[in-house]
Structure formats: structure tokens, C-alpha cells
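Hi everyone, thanks for coming. Today I'd like to walk you through one protein chain, a piece at a time. Please have a look at the picture first.

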Amino acid sequence: MKCRRCKAPAVIEVRRHNAAYCKGCFLHVFRGQVERAIRQWRMLDTDDRVLVAVSGGKDSLALWDVLLDLGYRADGLYLGLGIGEYSGRSAEVTRGFARDRDARLVEVDLSAEYGFDIPTAGRRGSRSTCAVCGLSKRYVFNKAALDGGYDVVVTGHNLDDEAATLLGNTLRWQTESIARQSPVLPSRDGLVKKVKPLHRLSELETAAYAFLRGIDYVVEECPLVAGNTQLRYKDAMNAIESTSPGTKAQFFLGYLDRGMPLFTTGREVELVACERCGQSTTGRFCAFCRAQAQILGRQLATGDGPNDVAPSDDRQVADELSDEVLPAEIYATRGADAGP
Ligand code: SF4
Ligand code: ZN
């Protein structure tokens, strides 16, 4: 098979494009897709201070690699989740990547900063491990970006992640979640801008990019992944894609083009500062502070006011958590890494 661009022997076939590429041309096409996403959605300015959420998986490291290559001022952010060997290895490869490129890596350890790790959070609460993990990531990414004076948080969600999330939201007709599934969430009221420049690229393509660039990344799955409902939707999408290549892209990119405007209401909920930590939320305490109080068995409020929330109010906490979870957490791995 020959490369579509230069006719040299091809090293990768991209079935959905009905094309094959040599190494150099594939890397060129991959970067071009990232640049196209950034341009089309006005994700980044050249003078932005960019914080890339890196997990040690292929997607986030490939993304950081491309952004550095394109000349962006991109620092990494690694969140230690405390998931045994898996987290140990993830931290190791992420630090190695930063060292090799002389890039700056910001590290936050969940247990040291907030008093719990993800396995403990999963055991102690009524919610799923992945739900509290997603909530924690979202909270820490935003806080680290605010504290560090960054303009934008970048995550490695790829086309497979986004298509699976859209499928899950559509099967349940979660119209508000569907409306929010944009590759760009602008900054507002204490929330830092968030962007997903890999949303045009499949998991296979990010794996190929990481491999061809010689990036050392964590291939193993997170050992807690069994509870991640996202994976069932990914499997379903993969089954369709295997007989109809291009379906994922048509589904998600078609949604961005023609579906999203139908779901956008223009209504925005009012945000206020969490009384405990100061981060933006819709109630008195943010979902993260509530979850943390529940996990640590601490009292969050006195219970003597009409809006007070006791940590034992499990159902309310669980409802908020399910609303707050990242669509496809950027550390989960499947085959390689699924962007959580
Ligand atoms: Fe967190 Fe992903 Fe592991 Fe779930 S699978 S616990 S979201 S890292
Ligand atoms: Zn809070």
C-alpha cells in the first residue's frame, strides 16, 4: 500500500478516510487535524498560557507533544489519583515526557491536597468510582489553572470519547448534556476556558501518532475501569464502525455541524462561589466539597439554615455528581488510553 500524499510505502491505513500514509505524511496530517480544530473553534491564541491535563496515556501525551511542536506555551498538569501501580507508572512516564522536552509539569496529589484517593472515594461513597474520579479531575484542573494564571485548560478527549459520550447522552435524551458537548467551553465566572483539540482524531490515530513519535505512554487500563459506563458505548460505536467505517465521525462531527444548534437554549445557570472553597458552583457548596465531606465523614454545614446540606444527603450529592462528571474522563484507558 502506498502513501496517499507522497506515494512512498505506507505504514498506517486510516479506513474512515479510505487512505494510507507513510510516517512523515501521517504525522503531518495528524498535526493538520489538530490545527484545524484549534482554528475552527478558536481554541487557542499564540500568547495564551496553556495547561494540558496529562494522564500518562497516549491521547494527552500526543496532544502535549503536538502543542509544543506547534509552538504553544503549553505546561502539563498531572493529577495523582492514588490508584496503586497504575498511578505510579502514569506519573513516571509523564515526568519522563516533561523532562525529555524540557517542559514544565504541574503536579497535584489528590490524597496530599484533599485527604482522599480514588479507590477510597469509590469504597466510601454511594456513587461510582469513575463518577467521583471525573468530578475530582474537573475540579482540580479548574483550580490549578486559576491558581497558576493559565488562560485555558486543554484535555485529550478524542473522537471515540466524544462519539461515545454523545451516544450515551442521546440514548437517555439528556438534552442539557448534549447541548454542552462542545469542543470549546468558554471561560465564565471563575471557570477557566476548556478545549478539546483532538476531537477530530480517533483513538487509533492518536495511538499511531504516539507510537510513531516514540512517546512512552501507559498502555495498561486503569484497574477500576470496570465501572465505567462510557466503555459500553465505546464498544457499541466500535461494533458499528467496524462494518461502516466513518460512522463515529459522521455522528459526532455531524452533531457539531448540524445538531448542536438545535439543542442550544442560550439559558445559563447563575454561578456563585462555593462557601467552603470559593470555586464556582450553582448551590451553597460545590459538588466536590460535598463529595469530599461525604468521603471523609465530615460535616460540611451546621444544618441550622434552610439551604444547609448535611454530608449524609447522599441522593443530592449523587445527583450533582452525575451532572458534574466529565463526558469521557481523560485518564481511562482502553486498549491504550481513552482520554481520561
Ligand atoms: Fe478514574 Fe478513569 Fe480509572 Fe474511572 S477508569 S477510576 S475515571 S481513571
Ligand atoms: Zn467547594
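Let me start with a question: which residues does D151 touch, not counting residues up to four places away in sequence? They are D48, R49, V50 and K193. Touching, or being in contact, is meant here in a set way: the C-beta atoms of the two residues, placed from the backbone, lie within 7 Å.

Before going on, a word on where this comes from. This is a predicted model, so local features need pLDDT of at least 70 and side-chain atom pairs count only at pLDDT 80 or more, while totals for chains, interfaces and linings use all residues. Residues are numbered from 1 along each chain as its sequence is written, and chains are lettered from A and ligands numbered from 1 in the order in which they are written.

Back to D151. You'll find D151 in the loop between α6 and β6. Those labels are DSSP runs, numbered from the N terminus: helices are H or I with at least four residues, and strands are E with at least two. Along the chain, D151 and K193 are 42 residues apart, but their C-alpha atoms are 6.8 Å apart in space.

Is D151 buried, exposed or partly exposed? D151 counts as partly exposed because it has 16 C-beta neighbours inside 10 Å. The rule is that a residue is buried if 20 or more other C-beta atoms lie within 10 Å of its own, exposed if 12 or fewer, and partly exposed in between, with C-beta atoms placed from the backbone.

Now let's step back to the whole chain. It has 13 helices and 10 strands. Of its 340 residues, 46% are buried. And if you take the contacts between residues at least 6 apart in sequence, 70% of them join residues at least 24 apart.

Next, the sheet. Six strands make an open sheet with mixed pairing, in the order β5-β4-β3-β6-β8-β7. Two strands are said to pair if DSSP finds at least two bridges between them. At the edges sit β5 (105-109) and β7 (184-185), each pairing on one side only.

Let's look at β3 within that order. Four of the five residues of β3 are buried, so this strand is largely enclosed by the rest of the structure. Strands β3 and β4 run parallel and are joined by five bridges; L51, for instance, has D75 in β4 as its bridge partner. To get from β3 to β4 the chain passes through α2, and this β-α-β crossover is right-handed. That word means that, with the strands pointing away from the viewer, the path from the first strand over the helix to the second runs clockwise.

On its other pairing, β3 runs parallel to β6, with three bridges between them. V50 has V152 in β6 as its bridge partner. V152 in turn has K193 in β8 as a bridge partner, and three bridges join the parallel strands β6 (residues 152-154) and β8 (residues 193-195).

Now for a single residue in β4. L79 sits in this strand, which covers residues 73-80. Why does L79 count as buried? Because 27 other C-beta atoms lie within 10 Å. Leaving aside neighbours within four places in sequence, L79 is in contact with V108, L110, K137 and V140. L79 and L110 are 31 residues apart in sequence, yet 6.8 Å apart from C-alpha to C-alpha.

Helix α6 (residues 129-148) is worth a look too. Its 20 residues reach 28 Å from first C-alpha to last, close to the 28 Å expected at 1.5 Å a residue, where the expected span is 1.5 Å times one less than the number of residues. Of those 20 residues, 16 are buried, so to speak mostly covered.

Last stop: helix α10. Its buried residues are Q230, Y233, K234, M237 and E241. They cover an arc of only 100° around the axis, which puts them on the same side of α10; the arc is that of the directions from the helix axis to the C-beta atoms. These buried residues pack against α7 (159-171) and α11 (247-263). The face turned away carries the exposed residues R232, D235, A239, S242 and T243.
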